[in-house]
Amino acid sequence: MEVATRIGFLAFALAAMLVPERTLCQEITIGAREDARPFVWRDGDTGEYLGFLWDICTKATQRAGYSFHAIPLRAEDKAEFLNHGTRNYDLLCDPTTITLYRMKNFVEKGELSHLSFSPIVFVANGAYASHSSAEARPGWGETSDSQQTPQRCADLLKQAEEEIVEKRADPWITMVPPTNKGRLRFEIWGYVKGSTIGAVLEHENSLKQADSVGDRPLVCLKDFASHEDAADWFCTDRLARYFGDADIIKATIKSRSERPGGSCTSGVNFSADGTYEPYAYVTSSRNVLEFPKKFEYALYEMFTDGTVERLFTGHFSSGKSEYLRTLFQINSIPRGTPPSQPKEAGLKLRQ
């Protein structure tokens with residue numbers, strides 16, 4: 001009986017070795033953003049992840065032959081993973097902008113050699129929201145010109161941080177006296193940590209700070225851990241401008257406005273033109289060596305068979321831009337046909 005049991009076990013083990021990997025269902029760890037609607041977010045009531053990029057990344061993972069589990073991806077987690085490779089994700093389900101700088105890091109930094117970008121799956125428009133009102137608020141107005149720029153911004157950000165936003169008589173009157181000599185206009189601009197638009201703002205603002213006095217206002221930058229935090233500051237007039245992907249900032253402001261007492265959609269403007277933001281997934285081969293290639297194949301297959309097109313239609317009612325339409329066409333690659341077998345080879349096989 002014992003011999004039969006051992007033989008049975010060996011037979012089972014051998015059969016498992018011969019089963020195609022697709023059926024073994026290795027589990028992939030997905031780092032998923034919770035606040036980047038309409039691309040990927042987590043429903044506060046059900047805990048379920050939703051969004052256009054979420055649907056694509058999970059369906060592609062399953063097509064590639066893997067199961068998955070998701071863990072929350074914060075902005076700082078994403079930055080650590082992309083810059084140092086210290087987080088153990090197999091896939092980032094996040095609107096990550098593919099840049100030459102990031103690709104170069106993946107190639108040149110040994111600790112990032114397991115990372116790679118998928119094909120571009122979405123073309124976004126980096127933009128910002130602003131207020132139409134010129135009346136002074138914690139996020140914009142005038143301040144004394146007697147301090148150095150870093151200290152001025154530190155004081156203004158602290159004041160905005162501590163500001164209690166509520167309806168009261170003349171709440172901001174002490175902040176902005178009539179324009180006088182020796183006073184400086186200021187604006188607080190916000191963005192989410194780790195975003196490419198944030199890096200651009202920081203670089204450009206550092207070049208302009210020396211020339212702030214005059215017609216150009218002093219710009220004080222603040223980064224946020226999430227879009228929800230940034231929208232909260234914007235909707236309570238503590239940000240003059242809220243930067244990010246156009247679809248994300250519109251959806252986040254709309255979501256916040258739907259909460260009781262949270263309306264801030266009136267008097268909000270959205271910039272018409274912005275930066276080019278091509279989104280791609282980041283995959284890792286550290287835990288599952290062949291996963292990036294299989295995931296990439298599944299993505300192309302989903303573009304070709306119309307799955308991505310159907311998912312887009314289900315999530316967006318506004319239709320595709322010209323650039324996004326072109327991207328979808330480019331990614332719908334020909335299926336191709338295998339080469340025909342030479343007749344001579346076929347005759348030899350039959351013999």
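Figure 1. Ala231 is buried, with a relative accessible area of 1%; buried means under 20% relative accessible area, exposed means over 50%, and partly exposed lies in between, as computed with a 1.4 Å probe and protein chains only. The model is predicted, so local features need a pLDDT of at least 70 and side-chain atom pairs count only at pLDDT 80 or more, while totals for chains, interfaces and linings use all residues. Residues are numbered from 1 along each chain as its sequence is written, and side-chain values use heavy atoms, with hydrogens and water left out. Ala231 is found in helix α8, which covers residues 227-235. Helices (H or I, at least four residues) and strands (E, at least two) are DSSP runs, numbered from the N terminus. When residues up to four places away in sequence are not counted, Ala231 touches Tyr242, Thr252 and Arg256; contact means heavy atoms within 4.5 Å. The C-alpha atoms of Ala231 and Lys254 are separated by 9.4 Å, and these two residues are 23 residues apart along the chain.

**Figure 2. Helix α9 and the residues at its ends.** Helix α9 (residues 246-257) has twelve residues. From its first C-alpha to its last, α9 reaches 17 Å, close to the 16 Å expected at 1.5 Å a residue; the expected span is 1.5 Å times one less than the number of residues. Asp245 caps the N-terminal end of α9, where a side-chain oxygen lies 2.9 Å from the backbone nitrogen of Asp247. The buried residues in α9 include Ala246, Ile248, Ile249, Ala251, Thr252 and Ile253. An α-helix has 3.6 residues a turn, so residues three or four places apart point the same way. Arg256 also has its place in helix α9, and it is buried, with a relative accessible area of 10%. A polar contact of 3.0 Å joins the side chains of Arg256 and Asp232. A polar contact is a pair of N or O atoms within 3.5 Å; within protein, one must be able to donate a hydrogen and the other to accept it, and residues adjacent in sequence count only if both atoms are side-chain atoms.

Figure 3. The side chains of Glu301 and Arg63 meet in a salt bridge, with 3.3 Å from N to O. A salt bridge is a side-chain nitrogen of Lys or Arg within 4 Å of a carboxyl oxygen of Asp or Glu. This pair links distant parts of the chain, 238 residues apart: Glu301 belongs to helix α10 (residues 291-304) and Arg63 to helix α3 (residues 52-63). Arg63 forms a further salt bridge with Asp305, the closest N and O atoms being 2.8 Å apart. Here, too, distant parts of the chain are linked, since Asp305 lies in the loop between α10 and α11 (307-315), 242 residues apart from Arg63 in helix α3. Each residue of this group is partly exposed: Glu301 has 24% relative accessibility, Arg63 has a relative accessible area of 26%, and Asp305 has 28%.

**Figure 4. The salt bridge between Arg87 and Asp77.** The side chains of Arg87 and Asp77 meet at 3.2 Å, N to O, in a salt bridge. Arg87 lies in the loop between α4 (75-84) and β6 (91-97), and Asp77 lies in helix α4, so the pair ties together parts that are ten residues apart in sequence. Arg87 counts as partly exposed at 32% relative accessibility, whereas Asp77 is buried at 4%. Elsewhere, salt bridges that share partners join Arg33, Asp35, Lys78 and Asp94 into one network. The structure holds 15 salt bridges.

**Figure 5. Strand β13 and its paired strands.** Strand β13 (residues 275-284) is mostly covered, as eight of its ten residues are buried. Strands β6 and β13 run antiparallel and are joined by four bridges; two strands pair if DSSP finds at least two bridges between them. The bridge partner of Leu92 in β13 is Val282. Strand β7 (residues 115-131) also pairs with β13 in the antiparallel sense, over nine bridges. Val123 stands opposite Pro278 in β13.

**Figure 6. The chain that contains these sites.** The chain has 13 helices and 13 strands, and buried residues make up 43% of its 351 residues. Among contacts with a separation of 6 or more, residues 24 or more positions apart account for 75%.
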